[in-house]
Amino acid sequence: MSVSVRIPTILRTYTAGAAEVSSEGATLREVLQKLEADYPGIGARILDDKGAIRRFVNVYVGDEDVRFSDGLETATPDGSQVSVIPAVAGG
Amino acid sequence: MAVARVENRTKTFGPAVDLSCRECGQTYDLGPSFACIECFGPLEVKYQWDDSADAPPVSPVTREQIEAGPPNIWRYRGLLPVPDDVLDKVNLAPGWTKLVRARNLGRELGMRELYVKDDSGNPTHSFKDRVVAIAVEAARNFGFHTLSCSSTGNLAGAVTAAAARAGLDACVFIPADLEEAKVVTAAAYGGRLVGIEGTYDDVNRFCSELIGDEAGEGWGFVNVNLRPYYAEGSKTLAYEIAEQLGWRIPDQLVVPVASGSQLTKIDKGLRELIKLGLVPAKPYKIFGAQATGCSPVSAAYKAGHDVVRPVKPDTIAKSLAIGNPADGPYVLDIARRTGGAVEDVDDSVVVDSIRLLARTEGIFAETAGGVTVGVLRKLLESGRLDPDADTVVLNTGDGLKTLDAVTSWARPAAVIRPSLEAFRGAVAGA
């Protein structure tokens with residue numbers, strides 16, 4: 001399952017400046033695991049010590065905030081777009 | 001493990017020292033940054049008095065200096081992250097809005113001393129002019145050529161107006177289904193107004209992605225990459241309330257909650273005034289107000305949670321319709337720390353409360369003002385708000401922008417021929 005992941009500016013030091021990278025996995029959890037394997041250290045920025053999505057990180061699969069779907073178990077069909085976005089914007 | 005700290009030697013940001021992560025404490029240079037690289041936590045401005053070894057720290061300004069200042073937020077420039085010469089800059093100079101002693105409303109609600117801080121008196125008729133004014137100065141400092149934002153309506157107009165006055169370009173983003181008056185008043189000042197098909201949270205997400213894209217280069221998003229500075233503008237609500245009360249802090253404040261930024265910064269402003277010795281120290285309670293159709297913070301408060309689960313908004317209070325509030329956790333902290341609460345009211349109460357405020361005080365609030373007055377009533381009825389303690393309720397916007405909420409009852413009493421006979425028959429004595 002090839003998935004495209006959009007990387008926020010503050011994490012691009014891990015991706016050599018790339019704003020978008022490829023990953024793989026049937027679920028968001030697997031996609032993030034592959035991302036960590038390819039770009040060591042990036043996983044700990046997105047997930048906390050307990051392996052949950054950090055409080056101030058929003059993750060979308062397509063247009064859906066995964067907090068409204070199945071969280072890390074959200075399915076990531078082939079061709080999905082995953083976006084990792086700081087949550088502290090707006091208001 | 002702090003990164004290099006750069007002193008604000010040029011005083012470009014006044015008394016500000018650096019940016020600090022509210023979650024983990026990591027510090028950063030004063031720059032167009034908003035989220036912590038370590039933990040994604042929000043960055044906020046720290047000042048020279050925050051780490052002061054003095055107890056209490058020396059205030060950079062006195063009451064007398066403030067009182068001698070202009071009748072706008074710049075009278076507090078010594079407490080804000082703005083250049084020392086901000087008075088010489090061209091801007092909308094918002095603030096110093098009325099603190100109305102609401103005797104009639106207070107009497108009706110059985111309250112001893114009630115005030116309405118009426119921020120509809122700002123240049124574009126909402127509190128957003130305060131925060132945008134600070135963001136404009138930051139945008140100038142960082143050399144941005146375009147001012148932008150995600151907005152539930154009021155902010156879009158505040159940004160396009162402020163950009164026009166400051167000579168900057170503007171491109172602002174709103175949900176496409178906003179109230180007509182907010183669309184029109186945002187577009188009237190020029191710049192580019194873009195409607196996004198989706199909720200405010202979709203707009204916000206879009207802007208967060210745009211900021212990392214080439215298309216957003218050179219843009220200052222007031223509530224994204226300028227957010228640490230922008231948010232500080234809400235401190236001026238606290239400063240004004242205290243000064244207008246004769247340099248004292250009220251016992252209770254009822255504040256609307258959208259992202260939660262305003263409430264957290266009002267608390268910050270009050271704590272600063274105490275810390276710097278500008279007002280006597282005293283306890284105060286802050287109450288957060290939401291519309292039931294978008295009440296993730298209220299729901300978390302009632303459930304005893306310290307995290308906020310996002311919701312899909314469905315309320316007429318569109319200016320508060322943020323389903324994923326960035327500062328929600330901090331609102332919970334403040335409500336609990338001060339002994340306040342977070343409460344919500346449904347849309348029918350919002351409309352009824354707009355009517356009550358208008359009828360008793362001659363203040364025509366937008367829906368967000370109906371939310372705060374509605375929550376005030378609910379808190380009084382449940383005994384959580386003390387009717388004998390002095391209380392300030394915020395009206396943050398103008399009813400002219402949310403006419404749809406009131407057109408069902410705000411109609412002429414009659415339409416008659418221009419004759420005394422017709423008047424006597426239709427209106428007089430009715």
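Let's start with one pair: in strand β3(B), the bridge partner of Asp18(B) is Lys46(B). Before I go on, this is a predicted model, where local features need pLDDT of at least 70, side-chain atom pairs count only at pLDDT 80 or more, and totals for chains, interfaces and linings use all residues. On naming, residues are numbered from 1 along each chain as its sequence is written, while chains are lettered from A and ligands numbered from 1 in the order in which they are written.

Back to that pair. Strand β1 (residues 16–21) of chain B is joined to β3(B) by 5 bridges, and the two run antiparallel. When I say strand or helix, I mean DSSP runs numbered from the N terminus: helices are H or I with at least four residues, strands are E with at least two. Two strands pair if DSSP finds at least two bridges between them. The pair belongs to an open sheet of 3 strands, in the order β2-β1-β3 of chain B, with antiparallel pairing. At the edges stand β2 (27–28) and β3 (43–47) of chain B, each with a single partner strand, so one side of each has no neighbour in the sheet. In general, strands of a sheet pair through backbone hydrogen bonds, either parallel or antiparallel.

What comes in the loop between β3 and α1 (63–67) of chain B? Pro57(B) is found there. Pro57(B) has 17 other C-beta atoms within 10 Å, so it is partly exposed. The cut-offs, with C-beta atoms placed from the backbone: buried is 20 or more other C-beta atoms within 10 Å of a residue's own, exposed is 12 or fewer, and partly exposed is in between. Leaving out residues up to four places away in sequence, Pro57(B) touches Trp49(B), Ser52(B), Lys275(B) and Leu276(B). Touching, or contact, means that the C-beta atoms of two residues, placed from the backbone, lie within 7 Å. Ser33(B) is 24 residues from Pro57(B) along the chain, and their C-alpha atoms are separated by 27 Å.

Now the other sheet I want to show you. It is open, has 6 strands in the order β4-β5-β13-β10-β11-β12 of chain B, and its pairing is mixed. Here the edges are β4 (98–101) and β12 (341–345) of chain B; each has a single partner strand, so one side of each is left without a neighbour in the sheet. From one strand to the next, the twist averages 25°. Angles run from 0 to 180 degrees between N-to-C directions, and the axes are lines fitted to C-alpha atoms, for helices over the stretch in contact.

Which helix packs on this sheet? Helix α13 (residues 367–381) of chain B does, touching β10, β11, β12 and β13 (391–395) of chain B, and its direction makes about 115° with that of β12(B). Inside the sheet, β10 (residues 252–256) and β11 (residues 285–291) of chain B run parallel, with 5 bridges joining them. Look for Gln252(B), which stands opposite Lys285(B) in β11(B).

Is α13(B) mostly covered or mostly open? Mostly covered: 12 of its 15 residues are buried. Among the buried ones are Val371(B), Val373(B) and Leu376(B). The buried residues pack against α2 (103–109), β10, β11, β12, α12 (347–361) and β13 of chain B. How about the length? Just after α13(B), Gly383(B) takes a positive phi of about 80°.

Most residues other than glycine have a negative phi, and most peptide bonds are trans. Trp247(B) is not a glycine, yet it has a positive phi of about 60°. You'll find Trp247(B) in the loop between α8 (235–244) and β10 of chain B, and it counts as partly exposed because it has 14 C-beta neighbours inside 10 Å.

Finally, how do the chains meet? In contact are 22 residues of chain A and 29 residues of chain B. On the chain A side, β3 (57–61) and β5 (81–86) of chain A are the elements that give two or more residues. That's my part, thanks.
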